[in-house]
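Dear colleague,

Please find below the structure that I am handing over to you. My findings follow directly after it.

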Amino acid sequence: SDRLKGKRAFVTAAAAGIGRACAVAFARQGATVFATDIDEKGLATLKSEGIAEVATLDVRNTAAVNAMAERVGKVEILLNAAGFVHNGSILDCSDDDWDFSFDLNVKSMHRTIRAFLPKMLGEGGGAIVNIASAAGVFKAAPNRYVYGATKAAVAALTRSVAADFVGKHIRCNCICPGTIETPSLLGRAAAAGPNGLEMFISRQPMGRLGTAEEIAHLAVYLASDESAFTTGVAHTIDGGWTL
Ligand code: NAD
């Protein structure tokens with residue numbers, strides 16, 4: 001319960017799903033966690049989970065991200081979880097859809113890393129963990145055209161940051177989950193019709209969805225000094241989806 005003791009962690013999209021599970025797991029391992037999201041109500045429920053501080057932050061807003069980094073100061077852990085799943089092929093993806101997905105899924109990470117990295121440099125260094133996806137990085141999923149493109153970009157951005165700062169005590173890894181039971185996944189399942197959930201479960205060879213807590217276990221490892229020798233890697237955790 002002290003694998004992250006003495007570390008300060010900043011988490012985006014922390015009110016629900018994977019970001020929330022990671023923020024809570026970080027706190028349980030002794031980190032001082034600063035949790036942010038656009039969902040104020042969801043954030044408010046994090047206080048009872050041992051999260052040190054919560055604040056609203058829209059990761060699409062560069063000025064707000066920069067101001068937040070000034071306010072928070074030095075951190076040792078940055079976890080980027082914000083992401084949106086656009087449903088459809090290229091023929092369903094307008095320029096606006098493309099821009100929104102890249103802004104929320106990729107440029108958000110560019111914003112937060114650029115704002116926080118200067119504060120992570122120096123003694124002790126830091127660990128950046130980006131939530132990508134098995135879809136796009138390792139496998140094409142149907143109707144995940146722009147989503148897959150954004151997640152491949154997240155993996156590339158992750159490697160670039162890792163390469164540029166490998167000699168400066170900064171590690172940057174990403175996590176590539178399979179199908180994980182989160183509020184937004186359940187929403188996509190419901191929208192897909194009465195058999196939507198069965199469809200999502202059937203594509204997972206283990207016969208079940210993953211949990212956000214299972215992703216958080218990997219995030220704790222990548223945020224901790226236990227993973228000191230890994231950087232720039234897209235870590236798959238997908239219940240065998242890409243086998
Ligand atoms: P989710 O999609 O339900 O969203 C989590 C949170 O993001 C919500 O609390 C929401 O308020 C917040 N959010 C939305 N827009 C925001 C913004 N502009 N600024 C700040 N916060 C914002 O949660 P999830 O399914 O756990 O997804 C989290 C990440 O995991 C995403 O990047 C997603 O692509 C990735 N992922 C999810 C799955 C899955 O099956 N659930 C699989 C692979 C990857």
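A residue is taken as buried if 20 or more other C-beta atoms lie within 10 Å of its own, as exposed if 12 or fewer do, and as partly exposed in between. Ala152, which has 18 C-beta neighbours inside 10 Å, therefore counts as partly exposed. Please note that this is a predicted model.

Ala152 is found in helix H6. Leaving aside neighbours within four places in sequence, Ala152 is in contact with Gly136 and Val137. Ala132 lies 20 residues from Ala152 in sequence, and the C-alpha atoms of Ala152 and Ala132 are 7.6 Å apart in space.

Val146 is also found in helix H6. Is Val146 buried or exposed? Val146 counts as buried, because 25 C-beta neighbours lie inside 10 Å. If residues up to four places away in sequence are not counted, Val146 touches His86, Cys93, Asp97, Trp98 and Ser101. Leu197 is 51 residues from Val146 along the chain, and their C-alpha atoms are separated by 22 Å.

The contact between helices H4 and H6 may interest you as well. Helix H4 spans residues 95-120 and helix H6 residues 145-165; their axes come within 9 Å and cross at roughly 20°. Angles under 35 degrees count as roughly parallel, and H4 and H6 are therefore roughly parallel to each other. Their crossing is right-handed. On the H4 side, the residues that meet H6 are Asp97, Trp98, Ser101, Phe102, Asn105, Val106, Met109, His110 and Ile113. On the H6 side, Val146, Tyr147, Thr150, Lys151, Ala153, Val154, Leu157 and Val161 take part. By class, this contact of H4 with H6 has 11 nonpolar, four polar and two charged residues.

As regards the chain as a whole, nine helices and nine strands are present. Along the principal axes, the C-alpha atoms fill a box of roughly 50 × 35 × 35 Å. The radius of gyration is 17 Å, which agrees with the value near 18 Å that a compact globule of 243 residues would have. Of the 243 residues in the chain, 46% are buried. Among the contacts with a separation of 6 or more, 71% are between residues 24 or more positions apart.

With kind regards

How values were computed: Residues are numbered from 1 along each chain as its sequence is written. This is a predicted model: local features need pLDDT of at least 70, side-chain atom pairs count only at pLDDT 80 or more; totals for chains, interfaces and linings use all residues. Helices (H or I, at least four residues) and strands (E, at least two) are DSSP runs, numbered from the N terminus. The radius of gyration is taken over C-alpha atoms; the globule rule is 2.2 Å times the number of residues to the power 0.38. Two residues are in contact if their C-beta atoms, placed from the backbone, lie within 7 Å. Axes are lines fitted to C-alpha atoms, for helices over the stretch in contact, and angles run from 0 to 180 degrees between N-to-C directions. Angles under 35 degrees count as roughly parallel, over 145 as roughly antiparallel, 65 to 115 as roughly perpendicular and the rest as oblique. A crossing is left-handed if the near helix is turned anticlockwise from the far one by less than a right angle, and right-handed if clockwise. Ala, Val, Leu, Ile, Met, Phe, Trp, Tyr, Cys and Pro count as nonpolar, Asp, Glu, Lys and Arg as charged, and the others, Gly among them, as polar.
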